[in-house]
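Here are my notes on this entry, point by point. Please read them with the structure open.

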Amino acid sequence: MSAKAVVTGIGVATPNGLGVDDFWAATRVGKNAIERVTRFDPEQYPSRLAGEIRGFEAEKHLPSRLIPQTDRMTRLALVAADCAFEDAGVQPGDIPEFDMGVVTASTSGGFEFGQNELKKLWSQGSQYVSAYQSFAWFYAVNSGQISIRNGMRGPSGVVVSDHAGGLDAIAQARRQIRKGSKLIFSGGFDASICPWGWVAQIAGGRLSTSDDPDRAYLPFDAAAGGYVPGEGGALLILEDERTARERGADNVYGEIAGYGATFDPKPGSGREPGLRRAIEVALADAGVEAGDVDVVFADAAGTPRLDREEADAITAVFGPSGVPVTAPKTMIGRLYSGAAPVDVVTALLAIREGLVPPTTNVELSPAYDIDLVVGQPRPTSIRTALVLARGYGGYNSAVVVRATD
Amino acid sequence: MSTQFTIDDLKRILLEGAGAEEGVDLDGDILDTDFEELGYESLALLETGSRIEREFGIALDDDVFTDNRTPRALVAAINETLSALVPQA
């Protein structure tokens, strides 16, 4: 029998709070954190709203040695890693270094760091470009920096599949636990709210152009017109349940019980998108039936075609309004590789409290046969949650999270 | 008079370009401590060398950091490069 991979530590940094307590206090009541961009002047751009993390001072948390060599997304990830260790009640030195690894996801890499170095390249010359540009922008840099800082030399890697990557990384971490690693860090962080990162996101063609924070990101609403980007993410510590119990882990939030991933057919082929199969594979992997699922955390792309595809997949598996569906990311925007790990954290905290946090600002379009939890949080007993994530280019991933007790 | 490169210049440039390792006091007695012991790996030294070149208008050999493993040795090597550039009065 395979090891059971449980989450025993969480580090979260989102526009709605740094750390589990702040994040959950804001999320459970549906606090909106979408505002006009302040990290640069967005006036000349067609999209001007974002979910920004305010008040994060990396210098207060990290040694000066790490500041010149890290992008904002890496600083957030390193601080979240420290928080996750503390939350898990583990010191990095407690576990042999080859028994600990790091598998993160990344969508963009370190855009802001890269922008600054490119600016030096064209304005001052190549000799002004930081030697640290060699890795600071790179997709795998968060895995690398976390592993170096904490002496984790076991199986590590990075997954790059846009939003789906946040779940793909957690699934890869679960594989490593099953293969015998004692502790694997997983999750994702992106933070590209800088002009270069912004134009790259605009080029994707799916950003909202609204200036009203309460009407900008409206998945499953008849007025859906794109999404608002955000920054941040979450890191989770996965351990084998038996190992975690033996060491007396304070927090066993829940189990990563099932996973499925599919790829969409060629656009224009007329064939069904892959999301439904990803859900069915994840449920089968977890050994649960559709009726066992208590809540679905939607990818919530916020564009009519993608909302339609997701609603159709959910309805096909669960029946019309067959399961509560929510999209707490309406409060903070879409965080790319960070989005799904944050949803997994939210699912675990929802299980712990017995409360489905709301989808904010949205009025459900009658075109969709789903039971969307809108406006107010919904108290209900939750044992099993499904988290969905879809990545630009055709990636579909689904993870089943389950209470342990 | 020729430009001099001092240990204070080196410490300032190290801090600007690469920061300081936790538990390492650059104001302590570091002149004969290996850069690696001070927490600076090859990339940190590459960045430091690049900053020295920019500020002092010199070109350093690729092996300047492999040949000079301590602050004292590096300061001496850079001053040698500087003095070779500037004719002595």
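**Notes on salt bridges, a helix and the interface**

1. A:Asp299 is buried, at a relative accessible area of 3%. Keep in mind that this is a predicted model. The partner of A:Asp299 is A:Arg334, in a salt bridge whose closest N and O atoms are 3.2 Å apart. A:Arg334 sits in the loop between strand E11 (324-326) and H11 of chain A, and A:Asp299 in the loop between E10 and H10, so the pair ties together parts 35 residues apart in sequence. A:Arg334 has 4% relative accessibility and therefore counts as buried, the cut-off being under 20%.

2. A second salt bridge to check joins A:Asp343 and A:Lys329, with 2.9 Å between the closest N and O atoms. A:Asp343 belongs to helix H11 of chain A, while A:Lys329 is in the loop between E11 and H11; they are 14 residues apart. Both A:Asp343 and A:Lys329 are buried. Shared partners also join A:Asp264, A:Arg305, A:Glu309 and A:Arg390 into one salt-bridge network.

3. Helix H11 of chain A covers residues 339-353. Its 15 residues reach 21 Å from first to last C-alpha, close to the 21 Å expected. Of these residues, 13 are buried, so H11(A) is largely enclosed by the rest of the structure. A:Gly354 follows H11(A), with a positive phi near 75 degrees.

4. A:Thr303 lies in the loop between strand E10 (295-297) and helix H10 (304-318) of chain A. Its relative accessibility is 14%, so A:Thr303 counts as buried. Neighbours within four places in sequence aside, A:Thr303 is in contact with A:Arg206 and A:Gly226.

5. Over all chains, the search finds 38 salt bridges. One of them pairs A:Arg149 with A:Asp82, at 2.8 Å from N to O. A:Arg149 is in helix H5 (residues 141-150) and A:Asp82 in helix H2 (residues 72-88), so this pair ties together parts 67 residues apart in sequence. A:Arg149 counts as partly exposed at 27% relative accessibility. A:Asp82 also counts as partly exposed, at 24%.

6. How much area do chain A and chain B bury between them? About 1,100 Å², with 51% of it on carbon and sulfur atoms. In chain A, A:Arg65, A:Ala131 and A:Tyr132 lose the most area to chain B, together 48% of what that side buries. The contact involves 13 residues of chain A and 16 of chain B.

7. The rule finds two salt bridges across this interface. A:Arg65 forms one with B:Glu41, the closest N and O atoms being 2.4 Å apart. The side of chain A that touches chain B has seven nonpolar, four polar and two charged residues.

How values were computed
Residues numbered from 1 in each chain as written. Chains lettered and ligands numbered in written order. Predicted model: local features only at pLDDT ≥ 70, side-chain atom pairs only at ≥ 80, totals over all residues. Heavy atoms only, no water. Contact = heavy atoms within 4.5 Å. Buried area = accessible area lost by both parts, 1.4 Å probe. Salt bridge = Lys/Arg side-chain N within 4 Å of Asp/Glu carboxyl O. Nonpolar A, V, L, I, M, F, W, Y, C, P; charged D, E, K, R; others polar. Helix = DSSP H or I, 4+ residues; strand = E, 2+ residues; numbered from the N terminus. Expected span 1.5 Å × (residues − 1). Buried < 20%, exposed > 50% of the residue type's maximum accessible area, 1.4 Å probe, protein only.
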